[in-house]
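Open the model in your viewer and keep the selection tool ready.

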Amino acid sequence: MLNKKGKRELAYVVQIDNIIPIEGADRVETAIVGGWHIMVRKNQFKAGDYAIYFEIDSKVPEKEPFMFLADKHFKIKTQKYFKGKVISQGLLMSFSDFCDEEGGSPAWLTAVSANLAIGLDIKKDPIFLTQELGVRYASEEDNKRKMETNKYDKMYQRHIKLFKKYGILRKIYKSKIGKKLLFLFLGKKKDTTNSGWPVGKFPGVSKTDQERCENMTWILEDKTPYIVTQKCDGSSGTYILERKPFNKFEFYVCSRNVRMFKPDQECYYGNDNVYWKAAEKYNIEEKMKKYLDEHKDIHWVCWQGEICAPNIQKNPHKLKDVHFYCFHMTDSKNGRYDIREAKKIWNKYDMEVVPIVSENYILPDDFESFKLSADGVYDKEVCEGAEDCPREGFVYYKTTDPTFSFKNVSREYLISRNQ
């Protein structure tokens, strides 16, 4: 679920919508929360109960009350059960799981209970627990690309190979005192400096992410036509060119959270900076200059998209080279463009664009059929000609509001990635 700042939360309080039986199962059943189906112990919950939900692709701390997940390496994934007839996504835990043997509650749980007791509407005011419970992404790549990190986490990521090699360092890092001690020896000034991402400087430009349809099942009631695009699976890239006085320009090259000031700046993928590599391959800066030269009344322009390459996300597109697939265009005069109009501009500059599969899609009434529609394979144009690349899913853009979008991620894709 995305919070008000557009950042994904991995753990939060939910109210269970329904409990349904699993055919042939005596000990388990399915809890439904929004569009999520989660397998739980029989009689553990009932409809209307409050619980804590942990989203897929997350990792919980290696301690109680999560030790039952040790054999799964504390990771929460999309999984199939009962010979593939049941799909479970996420983890549900009761409040009592976090109480001690005497029934005592941690401070955060006492606060949650107090808010619920006075009638807080968690649909309007969600209670997020990602930070309180220490939940992170299951993938270290996602932790590096997506999470806002403090100076200790930045230090950890820079020395990730060292921490993986020496378990004693990981143990020391788990305590507050240990983090401070390690920072004395391993920390650097750049761990404390701002990432440089131009947050708020360019109205309408934000870090890219869409809400999952499971967290907004009400959307199926909206029968406004939608534009549907294939969701490419790589790393988010943002390019901005700003006009300066005396015919000068400033070029911004950014990952999801960090501005890349120079081509040899180290990123998660090492010194081979894929963000600059894509910028240079497509000659993005010069193309943006040409665009601004042709539109003197526009002060800046931004192109955002997915960078896909052999060393990103296990290369689901089966690529041999770096590719940048555009999906957002914003400028100082027009704001966010309708992707259909943006595509006409990108085509003029020989840019690659995420495949548009429908320009007049009406959302169905049935959520399950909607989920199943996300399964399939990518168009070969985003796979260097390969025809058998499983598709991550679809992104939906409202035809009447190009700033409104959401995603439908294929469950089959997620399961195949977990294998």
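Buried means under 20% relative accessible area, exposed over 50%, and partly exposed in between (1.4 Å probe, protein chains only). Strands are DSSP runs of E, at least two residues, numbered from the N terminus. This is a predicted model, where local features need pLDDT of at least 70, side-chain atom pairs count only at pLDDT 80 or more, and totals for chains, interfaces and linings use all residues. Residues are numbered from 1 along each chain as its sequence is written, and side-chain values use heavy atoms, with hydrogens and water left out.

**Strand β14**

Select residues 235-244. This is β14, and eight of its 10 residues are buried. Two strands pair if DSSP finds at least two bridges between them. R243 stands opposite F249. Three residues separate β14 and β15 in their hairpin, where F246 has a positive phi near 60°.

**Residue F82**

Go to the loop between β8 (78-81) and β9 (86-89); F82 lies there. Is F82 buried or partly exposed? F82 counts as partly exposed because its relative accessibility is 34%. Leaving aside neighbours within four places in sequence, F82 contacts (heavy atoms within 4.5 Å) I22, A25, V28 and M39. Select P65 too: P65 and F82 are 17 residues apart in sequence and 26 Å apart in space, C-alpha to C-alpha.

**The lining**

Methods: Helices (H or I, at least four residues) and strands (E, at least two) are DSSP runs, numbered from the N terminus.
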